[in-house]
Amino acid sequence: MLRLGVNIDHVATVRNARGGAYPDPTRAAKLAEEAGADGITAHLREDRRHILDADIDALMDTLTVPLNFEMAATKEMQAIALRHKPHAVCLVPEKREERTTEGGLEVAREENQLAHYIAPLREAGCRVSIFIAADQQQIEAANRIGAQVIELHTGAYCDLHAEGHFAERDIEFARLREMATFAHSLGLEVHAGHGLTYDCVKPIAALPEVVELNIGHFLIGEAIFSGLDPAIREMRRLMDEARA
Ligand SMILES: CC(=O)[C@@H](O)[C@H](O)COP(=O)(O)O
Ligand SMILES: NCC(=O)COP(=O)(O)O
């Protein structure tokens, strides 16, 4: 079955806009679990713009489904991950000035360094995932450094769809499809995510090699109108329909 990981970062974005404790991302995570999420994703950015260290503590204490801990490949984040030992660690690139994660992690040029970086995470029992562009060279490098999972960055595909650039969207989709097949052929587990909405999720959900989607921003936005539980259930329904 195709798993749905719900990313609760942007509950924290709303909370941090005012400071204080509300809305609580851990409460959103529990609700997501009850609505059928197979996992929770949280990205502890270096600048702590949304998720805070205390949120990771609370999620680790509270969740019954696996936590996918997204983080930059820094010493500080490695120490936090090794303290908590989440089910999965997903390495993502971070630029301080970016509004959201713009691309995939540069693995090919940092192979040796990243191989050393992920070794202790694997030894601690975390599944190591790389948030990555649909690029063969990067995927081959992710495989060589010992990552078990790649998460294909679907942001460009989603943006092209939203902007109505359907010819370019289809080219980007073909690239994602080809690289999902390629990564799977290397023995990597394939996930996908970023920017997915009700409108564009189905083709990605239908890719047979993809076993997990991580979806956040759209679901948290949609929850304003419908509530989080119905938003997650609708996404789940669309994913299942695409897979049927
Ligand atoms: C890596 C990634 O895609 C997620 O972390 C998600 O997009 C939420 O984080 P930002 O919105 O801060 O990029
Ligand atoms: N890794 C992608 C993710 O967790 C969710 O991205 P988004 O749906 O918040 O854009």
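**Strand S2 and its surroundings**

Modeller: Strand S1 (residues 3-7) and strand S2 pair in the parallel sense over 3 bridges. Helices (H or I, at least four residues) and strands (E, at least two) are DSSP runs, numbered from the N terminus, and two strands pair if DSSP finds at least two bridges between them. The model is a predicted one: local features need pLDDT of at least 70, side-chain atom pairs count only at pLDDT 80 or more, and totals for chains, interfaces and linings use all residues. Residues are numbered from 1 along each chain as its sequence is written, while chains are lettered from A and ligands numbered from 1 in the order in which they are written.

S2 is mostly covered, as 5 of its 5 residues are buried. A residue is buried if 20 or more other C-beta atoms lie within 10 Å of its own, exposed if 12 or fewer, and partly exposed in between, with C-beta atoms placed from the backbone. In a regular strand the side chains alternate between the two faces of the sheet. In S2, Gly39, Thr41 and His43 point one way, Ile40 and Ala42 point the other way, and all are buried.

In soluble globular proteins, nonpolar side chains tend to be buried together.

Now to histidine 43, which is in strand S2 (residues 39-43). Histidine 43 counts as buried because 25 other C-beta atoms lie within 10 Å. Leaving out residues up to four places away in sequence, histidine 43 touches Asp9, Ile51, Glu70 and Val92. Two residues are in contact if their C-beta atoms, placed from the backbone, lie within 7 Å.

An unreviewed UniProt entry places the feature "active site" at His43, Glu70 and His194. These residues span 152 residues in sequence, yet no two of their C-alpha atoms are more than 12.4 Å apart, so they gather at one spot. UniProt positions are given in the numbering used here, feature names are shortened, and annotations may be inferred rather than shown by experiment.

Histidine 194 is in the loop between strand S7 (189-193) and helix H9 (201-205). Like histidine 43, histidine 194 is buried, with 25 other C-beta atoms within 10 Å. Apart from residues up to four places away in sequence, histidine 194 touches Thr101, His153, Thr154, Gly155 and Cys158. Its phi is near 115°, a positive value in a residue other than glycine.

The unreviewed UniProt entry also places the feature "binding site" at Asn7, Arg18, Gly195, Gly216 and His217. Spread over 211 residues of sequence, these positions are also spread in space, up to 24.7 Å between C-alpha atoms.

Glycine 216 lies in the loop between strand S8 and helix H10. Glycine 216 counts as buried because it has 26 C-beta neighbours inside 10 Å. With residues up to four places away in sequence not counted, glycine 216 touches Val6, Asn7, Ile8, Asp9, His10 and Thr41; Thr41 is on the side of S2 towards which His43 points. Histidine 217 is in helix H10 and is partly exposed, with 16 C-beta neighbours inside 10 Å.

Ligand 2 has 13 residues around it, of which Asn7, Gly193, Asn214, Gly216 and His217 come nearest. A residue is near a molecule or strand if its C-beta atom, placed from the backbone, lies within 6 Å of it. Strand S8 (210-215) and helix H10 (217-226) each supply at least two residues of this shell. The shell divides into 4 nonpolar, 8 polar and 1 charged. Here Ala, Val, Leu, Ile, Met, Phe, Trp, Tyr, Cys and Pro count as nonpolar, Asp, Glu, Lys and Arg as charged, and the others, Gly among them, as polar.

Finally, arginine 48 lies in the loop between S2 and helix H3 (53-62). Arginine 48 has a positive phi of about 55° although it is not a glycine, and it is exposed, with 12 other C-beta atoms within 10 Å.
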